[in-house]
Amino acid sequence: MRFLTIAFTGLLLAGCAANVVTDYDDAVVFGNYSSWAFAPSAGNSSFVSLDGNRVRQAVERELNRKAMRQVAEAEADLLVNWQIVEEERLEQSGVGLGFGFGTGHFGWALAAPPPVREIDEGKLVIELVDNGTDQVVWRAASRRYLRESQSPETRSELIDEVVSEMFSKYPPGLE
């Protein structure tokens, strides 16, 4: 019974973990921003260029929901900069092998760890930059990753979910 309680609590806490992390300048009055444009360097990344349109569409959808107008860069209050940051991760899969022998209180054992492989992933980062000061005022980073092995449908769904969750925390203080 005790094991089930601990396991259930662990699953519950894992389900509550945030998929995005946000940061912002607490001296900024976000109510002063009503228009936006993509920064000229938005999406400059070498990871997967096909995701660029997916990210742009998701950002446009979310900022439209916030009643913000998309305008020309020179007229925008905020510039939206985004990138997919490439990260490498080591993943163990399979089982380790081992054997041993012994008698009484003495024994020997040898073991080999499971095989390890390197995985390339992409983490989506979105920054909102004040167009007047060129300072980042809000930033969101995903804790969920794009992988090369994902299908286009899975990638599109993941980007939509992550961007939606990011902008659910904008403007700050409303969550």
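A: Here is a walk around the cavity and then the core. This is a predicted model, where local features need pLDDT of at least 70, side-chain atom pairs count only at pLDDT 80 or more, and totals for chains, interfaces and linings use all residues. Residues are numbered from 1 along each chain as its sequence is written, and side-chain values use heavy atoms, without hydrogens or water.

The count is one cavity of 30 Å³ or more. A cavity is a set of points on a 1 Å grid over the protein atoms alone where a 1.4 Å probe fits but cannot get out; lining residues have an atom within 4 Å of a point. The largest cavity has a volume of about 50 Å³, the space filled by probe spheres set on the points. Its lining is G122, L124, S142, R144, Y145, L146, L158, I159 and V162. β7 (116-130), β8 (135-147) and α3 (152-167) each give two or more of these residues. Helices (H or I, at least four residues) and strands (E, at least two) are DSSP runs. β8 gives the largest share, four residues. By class, six lining residues are nonpolar, two polar and one charged.

Now L124. Beyond its neighbours within four places in sequence, L124 is in contact (heavy atoms within 4.5 Å) with residues including W82, S142, V162 and M166. L124 is also among the residues with the most contacts inside the largest nonpolar core, which has 29 residues. Such a core joins buried (under 20% relative accessible area) Ala, Val, Leu, Ile, Met, Phe, Trp, Tyr and Cys residues through side-chain atoms within 4.5 Å. α3 gives the most to this core, six residues.

How values were computed
On a 1 Å grid over the protein atoms alone, a cavity is a set of points where a 1.4 Å probe fits but cannot get out, and a pocket is an open set with protein on both sides within 12 Å along at least five of seven lines; lining residues have an atom within 4 Å of a point. Ala, Val, Leu, Ile, Met, Phe, Trp, Tyr, Cys and Pro count as nonpolar, Asp, Glu, Lys and Arg as charged, and the others, Gly among them, as polar. Buried means under 20% relative accessible area, exposed over 50%, partly exposed in between (1.4 Å probe, protein chains only).
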